[in-house]
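Thanks for coming. I have one structure to go through today, and I will take it piece by piece. Please have a look at it first.

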Amino acid sequence: MSETGQATVVEPFLPFAQPGIGQEEIDEVVDTLKSGWLTGGPKVKAFEEGIREVAGADYAVALSSCTAGMHLALLALDIGPGDEVITTPLTFAATVNVILHVGATPVLADVADDDHNIDLAQIEAKITSRTKAIMPMHYGGQPCQMDELLALARKHGLRIVEDAAHALGARYRGRPIGAISDASVFSFYPIKPITTGQGGMLTTNNQDLADRVRLLSLHGLSKNAWNRYSEKGSAEYQVLAPGFNYAMTDIQAAIGIHQVRKLASFQQRRAEIAGRYDALFAGLPEITRPFVRDDIEHAWHLYPIRLQLDRLRIGRDEFISELRERGIGTSVHFIPIHLHPYYREALNLGPGDFPIAERIYEGLISLPIYPRMEDSDVERVAAAVCEIAEAARR
Ligand SMILES: Cc1ncc(COP(=O)(O)O)c(C=O)c1O
């Protein structure tokens, strides 16, 4: 009860993200459990086919995570000690960790202020005789400028492995993300455009690369489970490389089969929410809305706003606390790589090295955007953002 004696309406907490799991996924998982094929079986094949189509690629390899896929892509491209790989500071740790895992050196190139994607001029300035590859990351689901990146890679003889963790369903100049460069790797972590709980998929048009990644994902064995344990299989195998145990299970794929069918409607709903936020923030000078290129189709994995801190009396963290007090979950994508203790020490980096990424980060807040949100949830988030910004206006 409030002081005036009226019941206070406490709205339920709105999480930053929630997966869109339906009865179909639940039934398919149960069917898988009853079938006896828990991994390396038919559901994995069917899910690979679903993603291969969406990505417009010739080959798709299902894996335990996007991280696993990026690790294997670098190995399959023979990137290792002595090599340098250029990537963005405004990404998740995994993008940089996989470069370290293969023994290569991550080299960061600052991002563009508008779309938060790696900046082409900054990449060019970082290329040396040791550079072997570029790992662009499609920030928030907005594709990088792939034609320019491909031209740069061609000019310097570099490979491209796309961290497409955010970008399933996105298009660049009409082409789906998934078969534009050497390899693209998607994530199915629960908050991603679609989920399998944990999981990832590598897509490519390069058969040798796909075969090598598959081999390395199954301990380097010459035969997978289907070829060893199915009716016509034989138990013999040879080890052709020291591989990893990075395969996706049929239980995960069972979820994915239905998720990928829902991708188009999920993506449409995400775009609708982004449009609604855009409209509701149009007259709010304290907020910069996400910039969207006109030659792409956005996956809208994230809706990141940027606070105009010079117009506000509070900082980003206080803004986030105020949203939490109003029952709204948010996130920040990302704390720039060079500000984390490990990379500062291992890569000899520190504050001031990537000023654009740092400036973006200082005002960055990812708002909830997912298909399960009701229109009223979207209005509630926007009203809270407007209220906090107006109250803290300078
Ligand atoms: C940009 C980016 N790359 C890679 C990953 C790692 O994906 P996964 O959890 O599937 O390994 C994530 C998030 O999880 C991410 O946001």
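Let me start with R173, which has a relative accessible area of 38% and therefore counts as partly exposed. Keep in mind throughout that this is a predicted model. R173 sits in the loop between strand 6 (171–172) and strand 7 (175–176). Its phi is positive, about 45°, although R173 is not a glycine. Most residues other than glycine have a negative phi.

D78 is another such case: it is not a glycine, and its phi is positive at about 60°. You will find D78 in the loop between helix 3 (66–76) and strand 2 (84–87). Is D78 buried or exposed? D78 counts as exposed, because its relative accessibility is 69%.

While we are on the backbone, look at the peptide bond from H333 to F334, which is cis, with omega near 10°. F334 belongs to the loop between helix 10 (316–325) and helix 11 (341–346). For background, most peptide bonds are trans.

Next, the salt bridges. How many does the structure hold? There are 26 salt bridges. Take K262 and E24, whose side chains meet at 3.1 Å, N to O. K262 is in helix 9 (residues 250–280) and E24 in helix 1, so this pair ties together parts that are 238 residues apart in sequence. K262 is buried, with a relative accessible area of 18%, while E24 is partly exposed at 39%.

Then there is K132 with D83, where the closest N and O atoms are 2.9 Å apart. Here K132 comes from strand 4 (residues 131–135) and D83 from the loop between helix 3 and strand 2, so parts 49 residues apart in sequence are tied together. D83 counts as buried at 9% relative accessibility, and K132 as partly exposed at 35%.

A further salt bridge links R326 to E322, with 3.0 Å between the closest N and O atoms. Both ends are partly exposed: R326 has a relative accessible area of 29%, and E322 has 23%. R173, where I began, also comes back here: D147, E148, R173, R175 and D295 are joined into one network by salt bridges that share partners.

Now a charged residue without such a partner. D377, in helix 13 (residues 375–391), is buried and has no salt bridge. What is the nearest side chain of opposite charge to D377? That is R380, 4.9 Å away; a salt bridge here would need the atoms within 4 Å. Leaving aside residues up to four places away in sequence, D377 touches L14 and R372.

Strand 10 pairs with strand 12 (residues 303–307) over 2 bridges, and strand 12 is joined to strand 13 by 4. R306 of strand 12 is the bridge partner of T288, and R306 also has L364 in strand 13 as a bridge partner.

In strand 13, L364 and S366 point one way and I365 and L367 the other, and all are buried. In a regular strand, side chains alternate between the two faces of the sheet.

Last, the surface. I21, I26 and V30 make a nonpolar patch of about 210 Å². Of these, I26 lies in helix 1 (residues 23–35) and is partly exposed, at 41% relative accessibility.

Technical notes. Residues numbered from 1 in each chain as written. Predicted model: local features only at pLDDT ≥ 70, side-chain atom pairs only at ≥ 80, totals over all residues. Heavy atoms only, no water. Patch = residues over 30% accessible without salt bridge, like charges linked within 9 Å, V, L, I, M, F, W, Y side chains within 5 Å. Areas by Shrake-Rupley, 256 points an atom, 1.4 Å probe, with all protein chains shown as cover. Buried < 20%, exposed > 50% of the residue type's maximum accessible area, 1.4 Å probe, protein only. Lys, Arg positive; Asp, Glu negative; His and termini not counted. Contact = heavy atoms within 4.5 Å. Pairing = 2+ DSSP bridges.
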